[in-house]
Amino acid sequence: PNEINNNHRHPTQTNTQHQTPASPTTTTATMMSTESAAPNTTTSKPSKSTITAVENAAELSFGAEFDSDIQILSNAQVAVILQMSAQNALVRDEELHDVYKKTQKYVERFNTMKNPEKEHQELVDELDNLQGALTTFRKETEDGEEMELHGFEVAALMNLVATDTMVEEAVALIPSLSRFPESAVDEILDLIRSTMIRIVSYGS
């Protein structure tokens with residue numbers, strides 16, 4: 001998932017979507033960090049064991065940056081933000097940076113929640129409402145424990161789920177969802193399906 005703070009600054013960690021590469025949750029982040037790094041600086045490469053211990057999406061174990069107050073955005077949300085920035089840059093006759101262009105191309109490629117006939121603000125509202133519904137989703141276990149979706153799962157679901165995605169496929173794509181009963185996962189998928197249908201069918 002794309003990860004930015006609450007002021008919607010440009011993402012530093014990225015997301016996932018249905019037509020996704022081997023590691024969609026890190027592709028844009030890797031591209032951004034590699035191409036925007038200072039030219040005369042070097043960083044030590046962490047060992048594989050260190051990375052495994054710190055970051056494990058299946059167990060919802062991530063780096064320290066996920067412990068701060070951040071908002072993780074989906075490809076669709078980042079695509080909308082970048083589209084508006086690109087339009088503003090065009091009005092000001094400004095040239096877009098290569099990293100910006102590559103990021104925009106990436107999120108557009110894996111964005112399944114788009115419709116050029118839909119007004120910008122309507123699309124923003126649909127995506128924000130869906131993110132809000134997923135973020136506030138709660139399911140109580142038999143032991144009385146209240147379960148909720150992690151921000152990573154919210155963005156990954158918005159990226160990976162299609163209108164015909166089944167529970168088994170969703171869990172295979174996002175293994176951490178296996179902690180939920182199948183009926184709860186199906187409820188989550190219904191929230192996404194209904195939003196996707198509204199977006200894609202608009203104007204048709």
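Phe62 and Phe152 are both buried (buried denotes under 20% relative accessible area, exposed over 50% and partly exposed in between, with a 1.4 Å probe and protein chains only). The model is predicted, so that local features need pLDDT of at least 70 and side-chain atom pairs count only at pLDDT 80 or more, while totals for chains, interfaces and linings use all residues. Residues are numbered from 1 along each chain as its sequence is written, and side-chain values use heavy atoms, with hydrogens and water left out.

Across the whole structure, 3 aromatic pairs were found. The ring centres of Phe62 and Phe152 lie 5.0 Å apart with planes at 45°, and the pair is therefore tilted (rings of Phe, Tyr and Trp, the last by its six-membered ring, pair if their centres lie within 6.5 Å; planes under 30 degrees apart are stacked, over 60 edge-to-face and the rest tilted). Because Phe62 lies in the loop between helix 2 (48–54) and strand 2 (70–73) and Phe152 in helix 6 (residues 151–160), the contact ties together parts 90 residues apart in sequence (helices, H or I of at least four residues, and strands, E of at least two, are DSSP runs numbered from the N terminus).

Salt bridges (a side-chain nitrogen of Lys or Arg within 4 Å of a carboxyl oxygen of Asp or Glu) number 10. Arg179 and Glu153 form one of them, with an N to O distance of 2.5 Å. This pair links distant parts of the chain, 26 residues apart: Arg179 is in the loop between helix 7 (167–173) and helix 8 (182–201), and Glu153 is in helix 6. Arg179 is partly exposed at 33% relative accessible area, whereas Glu153 is buried at 0%. Shared partners join Arg138, Glu146 and Glu148 into one salt-bridge network.
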